[in-house]
Number of protein chains: 2
Amino acid sequence: MGNDLNQTLGEELVVGLDAGGTRTRAVLAGADASGPLLGEGAAGPGNALTVPVPQLTDHLAEAVADAVPERLRGSVVSVVGGFAGATAASPDDPGHVNARSALTAALRRLGVPAGPVGICSDIEAAFAAAPGTPADGLALVAGTGAVAMRITDRHATATVDGDGWLLGDDGSGFWIGRAAVRAALRTADGRGPATVLAESVGRALGLPDEVVPSGRWTRAAREAYRMHLLPAVMAEPPIRLARFAPLVAEAAAAKDTVAQAVLDEAAGLLTETVRALEPNPGERIVATGGLLGPDGPLTPRLTTRLDALGLTLDWVADGSRGAVALACVAHLAHRGAG
Amino acid sequence: MGNDLNQTLGEELVVGLDAGGTRTRAVLAGADASGPLLGEGAAGPGNALTVPVPQLTDHLAEAVADAVPERLRGSVVSVVGGFAGATAASPDDPGHVNARSALTAALRRLGVPAGPVGICSDIEAAFAAAPGTPADGLALVAGTGAVAMRITDRHATATVDGDGWLLGDDGSGFWIGRAAVRAALRTADGRGPATVLAESVGRALGLPDEVVPSGRWTRAAREAYRMHLLPAVMAEPPIRLARFAPLVAEAAAAKDTVAQAVLDEAAGLLTETVRALEPNPGERIVATGGLLGPDGPLTPRLTTRLDALGLTLDWVADGSRGAVALACVAHLAHRGAG
């Protein structure tokens with residue numbers, strides 16, 4: 001990026017941030033949005049509802065400092081951050097308020113003279129990251145959680161699911177991981193058919209070799225497996241069940257019919273979530289989250305189902321490029337008004 | 001009971017306890033088990049895995065002291081306690097060990113000279129509470145949780161489900177209560193059909209009047225309802241969802257089709273749990289727990305399904321009379337051996 005950076009001295013620049021539950025990403029680009037990215041930085045978690053404002057400020061400052069060399073900071077004309085936890089509708093909601101004060105403080109600390117910062121949800125930013133920076137359509141997130149939104153004029157105007165692991169997030173990574181453990185337990189107590197998930201889940205939980213099944217189970221082996229598995233799962237926060245989702249993908253790829261049925265049901269639930277937004281045929285769906293990436297375990301299954309509804313899926317890795325695009329839009333609007 | 005108590009001076013007596021997650025019950029009876037109950041007492045929680053031994057000892061002592069007048073304590077010849085948390089197979093399991101030391105200490109404190117105490121699970125005690133004090137058959141618990149066991153020679157020899165609210169307890173009070181909230185959320189975001197559960201769950205959670213639906217929903221009303229409902233549920237321990245089960249029973253009785261479908265599915269899941277024990281036609285199933293009582297919301301639905309498998313259901317309110325029956329059996333065996 002050295003050459004690009006040399007050319008940018010004096011050029012107008014924008015910063016886009018994607019502040020998610022596990023990390024914060026910042027990228028630097030020219031204000032005309034046509035060129036390549038000029039800088040990138042990353043730091044710790046950025047959920048605006050769960051990370052306290054002082055730490056959130058530190059993480060944002062660290063990511064922006066990495067992305068924007070000191071000598072270029074004076075050229076930044078617009079900053080937009082897409083935040084997990086800023087999904088609610090109003091700018092007075094706690095997530096929005098926290099994100100705005102943390103981002104403003106972080107920029108002040110770094111000497112970035114950006115005017116009013118733009119705050120949106122991580123999902124709105126991801127939607128804007130699709131080719132052509134769309135303003136209207138549908139967004140679908142399928143990672144640890146699952147939620148779909150209708151985006152109108154760049155803002156979320158309707159939400160389906162996103163109800164959290166206890167009540168919803170149907171078809172999400174958590175949902176699939178819990179289904180893996182349920183399938184293992186149902187095999188063990190005779191309710192469900194045999195599945196390799198009993199073995200792979202048992203090993204992933206660190207169960208002793210002698211209680212992890214190989215071949216036929218005796219009644220005693222079933223009881224021993226359950227008695228070891230249940231406390232091992234209950235010793236961790238429920239959301240950790242999401243880490244078993246890749247085991248289901250692996251088992252399904254190896255033709256385990258139980259694992260295939262879990263993925264089929266997950267794809268069906270996500271389709272139902274999209275349908276509740278009453279999509280119009282041909283409408284664009286921008287997807288993000290690990291389950292729907294180029295090699296995602298649900299990508300072929302969901303694509304087929306959405307095809308049948310006349311819908312196509314664009315996937316974006318994260319929202320930082322969308323935040324850049326929104327920062328450019330904001331800058332243009334500001335210049336137009338000025 | 002005054003006359004009965006006068007007659008019992010000098011007679012051999014037995015004590016049975018049902019130590020459950022919310023309370024401990026003790027009952028006193030003659031050692032021939034043919035007469036009426038001679039005394040009853042109750043105290044706080046008695047789960048042998050979750051109540052620390054000193055408190056468990058206090059609760060057991062309080063219940064036994066209530067049930068057995070001081071002047072009769074010397075006549076007690078056998079004591080059996082059925083404990084929640086003592087469901088595991090071996091007498092060396094922590095639940096068994098805790099229950100034994102707490103019950104022994106409680107009896108010593110009261111001057112009850114019972115020999116070795118009998119410890120079993122609350123489910124084994126409930127099974128023995130059925131008419132005729134059966135030794136073999138199936139036990140089904142459907143209260144806040146759900147579990148089925150095969151009982152052989154008075155001991156549980158196989159367990160199906162009982163996997164807890166996060167991973168199982170399919171068809172339990174928790175399962176039904178969570179289904180109620182899920183149905184409400186699915187109505188609100190357009191995934192599910194209309195149901196009166198949206199209103200009754202919202203009121204039970206104390207949501208403001210203006211966000212609880214009455215009649216048709218606007219898009220804004222749906223979002224407001226979800227945004228109030230989700231934090232209200234997440235502010236409490238998950239197991240509290242079980243308290244919404246009666247709302248489903250109420251709605252189903254009023255012909256709400258969503259609520260009826262929830263109860264049908266719950267009864268189907270409990271049937272599946274019983275089937276995994278590979279019951280023989282004509283085999284006895286002893287049921288306990290609020291969902292399956294005389295007016296229980298699942299009683300007619302489950303009875304129909306079990307009829308089709310050639311199985312009949314006996315319901316018992318709790319295990320204290322079963323523990324009495326087991327105490328009589330132990331006394332007879334002891335006398336026979338002596």
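**Reading chain A of a predicted model**

In chain A, 70% of the contacts with a separation of 6 or more join residues 24 or more positions apart. The model is predicted.

Trainee: What makes two residues count as a contact here?
Mentor: Their C-beta atoms, placed from the backbone, lie within 7 Å. By that test, residues 24 or more positions apart supply 70% of the chain A contacts with a separation of 6 or more.

Trainee: Which domains does the assignment give, and how far apart are their centres?
Mentor: Domain 1 of chain A covers 2-129 + 318-337, and domain 2 covers 174-243. Their centres, taken over C-alpha atoms, are 43 Å apart.

Trainee: What is the secondary structure count of chain A?
Mentor: Chain A has 12 helices and 10 strands.

Trainee: How do you know that β6 and β7 of chain A pair?
Mentor: Pairing needs at least two bridges between the strands. Strand β6 (residues 137-142) and strand β7 (residues 146-152) have six bridges, in the antiparallel sense. The pair therefore passes the cut-off. G137(A) stands opposite I151(A) in β7(A).

Trainee: Why do β8 and β10 of chain A stand at the edges?
Mentor: The order in the open sheet is β8-β7-β6-β9-β10, with mixed pairing. β8 (155-161) and β10 (312-315) each have a single partner strand, so one side of each lacks a neighbour in the sheet. From one strand to the next, the twist averages 25°.

Trainee: What makes up the side of chain A that touches chain B?
Mentor: 28 residues of chain A are in contact with 28 residues of chain B. On the chain A side, β8, α5 (164-167), α6 (173-189), α8 (219-234) and α10 (257-275) each supply at least two residues. The largest share, six residues, comes from α8(A).

Trainee: How many residues on that side are nonpolar, polar and charged?
Mentor: 14 are nonpolar, five polar and nine charged. Gly counts among the polar ones under this scheme.

Terms used
Residues numbered from 1 in each chain as written. Chains lettered and ligands numbered in written order. Predicted model: local features only at pLDDT ≥ 70, side-chain atom pairs only at ≥ 80, totals over all residues. Domains from an automatic or database assignment. Helix = DSSP H or I, 4+ residues; strand = E, 2+ residues; numbered from the N terminus. Axes fitted to C-alpha atoms, helices over the stretch in contact; angles between N-to-C directions.
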